[in-house]
Amino acid sequence: TDSSNVTARHNILPGVDSGHDLPKSAIGMDFISTAHPVQLACLAVFTVINVFGLAWINEIKRNEKGSKRQNLTWTFRRNAYYALIGTLIGSNCYVDAYYDMGTSPNWFLVLKVYVVLFPVGLLDLKFSEVDGVPLFGTFFGWSMWIITGWMREYITERYFVETGGFPILILKPSDYASWRSLLMEVPRFAGMVVGTGIFTDLAFSPMHRLCHALPGAYKHIHKKHHEYTTKLTSLLSYHSTAIDDFLMPLTTVLGFFVYYVVMNRLTPQFAPQSNISWYLMNVLLLFNHAHDTRCAEILTPGLPRSLNFVAYHNVHHLMPGRNFGLTVPSDLMWDRILGVKTVTSLDEALSAISKKRDERQ
């Protein structure tokens with residue numbers, strides 16, 4: 001089974017025979033101190049790159065003229081994404097394969113995916129028409145996603161108390177030499193995207209609707225996120241007030257936890273998450289606010305227009321009363337319950353905006 005690839009440093013569910021003794025899970029900051037120095041060096045290097053990189057790109061964006069931003073073709077930008085994402089994930093998978101993440105790889109990986117993939121957001125900012133994003137506010141929002149990720153791991157460890165958590169597969173060198181092991185990453189990634197997306201949206205969509213429906217909540221909590229409308233960029237996922245920056249990723253705690261429980265019941269012999277799938281999931285998170293709707297097809301080529309999640313959320317920024325959720329099924333369900341119609345395609349939104357503009361002229 002797929003579980004044979006799970007090494008001693010992975011948390012395994014009951015029923016999964018790893019063939020190794022399992023370490024006790026580390027809670028708190030112990031998971032940092034037990035990680036290999038090479039892993040810690042990666043975090044340190046990427047942290048410096050992220051902070052100075054954002055400051056540098058902000059300065060460039062505020063000084064450059066808008067005409068310069070239109071010179072790059074989509075083909076060039078798409079290939080740049082592929083090169084950067086491939087380099088970041090490939091190099092970090094190599095580090096993960098040879099250097100231990102410590103006694104709690106789940107906790108360490110939560111931190112690592114956000115740190116090492118932040119440059120994808122920097123590249124999207126450079127390609128966008130946005131004149132920069134707040135330095136402190138962006139990193140504060142970014143830290144809230146990490147903290148809620150640790151909350152998810154803490155709750156999961158309390159639930160799966162016998163093993164100290166939920167399984168995570170960190171691929172070894174031998175796994176990369178096996179086409180079967182690599183092919184298993186496709187259903188693993190697809191399952192995470194679909195499963196966690198649907199379960200998270202059960203909480204995200206209604207909470208998001210409340211943030212818009214309650215005047216006080218929208219004004220003081222969520223309105224800041226909507227300062228950007230027609231021009232978006234990936235790092236806006238981390239841009240809002242402190243409360244909103246915490247509440248939005250908090251919904252993923254429920255989504256991932258329910259996904260873990262369901263997968264444990266359905267496929268106890270299959271590790272439904274790996275370091276590769278987590279790296280890819282973090283890229284998708286960033287692309288929710290990408291500068292170009294075609295970014296959705298970078299990790300999901302051939303994606304039907306109706307399932308383009310970048311375009312779907314782009315509509316919400318163009319028309320704040322539409323597309324509250326992450327997924328169409330969830331929004332359709334809540335629309336039916338509430339007796340409203342909010343699901344709108346990008347073409348419909350652009351047509352409505354154009355019509356209003358013509359009426360004003």
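**Entry 1: F118**

I began with F118, which lies in helix 5, and I kept in mind throughout that this is a predicted model. I looked up its accessibility and found a relative accessible area of 1%, so F118 counts as buried, the cut-off being under 20%. Leaving out residues up to four places away in sequence, I listed what F118 touches: N50, L54, T138, F139, W142, L235 and Y238. I then checked N50 in particular, and although F118 and N50 are 68 residues apart along the chain, their C-alpha atoms are separated by 6.5 Å.

**Entry 2: Y238 and the cores**

Next I followed Y238, which, apart from neighbours within four places in sequence, is in contact with Y114, F118, G137, T138, G141, W142, W145, D245, L285 and L286. Y238 is also one of the residues with the most contacts inside the largest nonpolar core, a set of 74 residues in which Y81, L235, W278 and F287 are named beside it. Helix 12 (residues 275-287) gives the most to this core, with ten residues. I found a second, separate core of six residues as well, which includes A311, L318, M319 and A349. In soluble globular proteins, nonpolar side chains tend to be buried together.

**Entry 3: charged pairs**

How many salt bridges are there? I recorded ten, and I looked at several of them one by one. R209 and D335 meet with N and O 2.9 Å apart; the pair links distant parts of the chain, with R209 in helix 9 (residues 185-213) and D335 in helix 15 (residues 328-338), 126 residues apart. Both R209 and D335 are buried.

R152 pairs with E153, their closest N and O atoms being 3.3 Å apart; R152 is buried at 4% relative accessible area, and E153 is buried at 2%. D292 and R294 form a salt bridge at 2.8 Å, N to O; here D292 is buried, with 11%, whereas R294, at 36%, counts as partly exposed. Lastly, I noted that salt bridges with shared partners join K61, E64 and K126 into one network.

Terms used:
Residues are numbered from 1 along each chain as its sequence is written. This is a predicted model: local features need pLDDT of at least 70, side-chain atom pairs count only at pLDDT 80 or more; totals for chains, interfaces and linings use all residues. Side-chain values use heavy atoms; hydrogens and water are left out. A nonpolar core is a set of buried Ala, Val, Leu, Ile, Met, Phe, Trp, Tyr and Cys residues joined through side-chain atoms within 4.5 Å. Buried means under 20% relative accessible area, exposed over 50%, partly exposed in between (1.4 Å probe, protein chains only). Helices (H or I, at least four residues) and strands (E, at least two) are DSSP runs, numbered from the N terminus. Contact means heavy atoms within 4.5 Å. A salt bridge is a side-chain nitrogen of Lys or Arg within 4 Å of a carboxyl oxygen of Asp or Glu.
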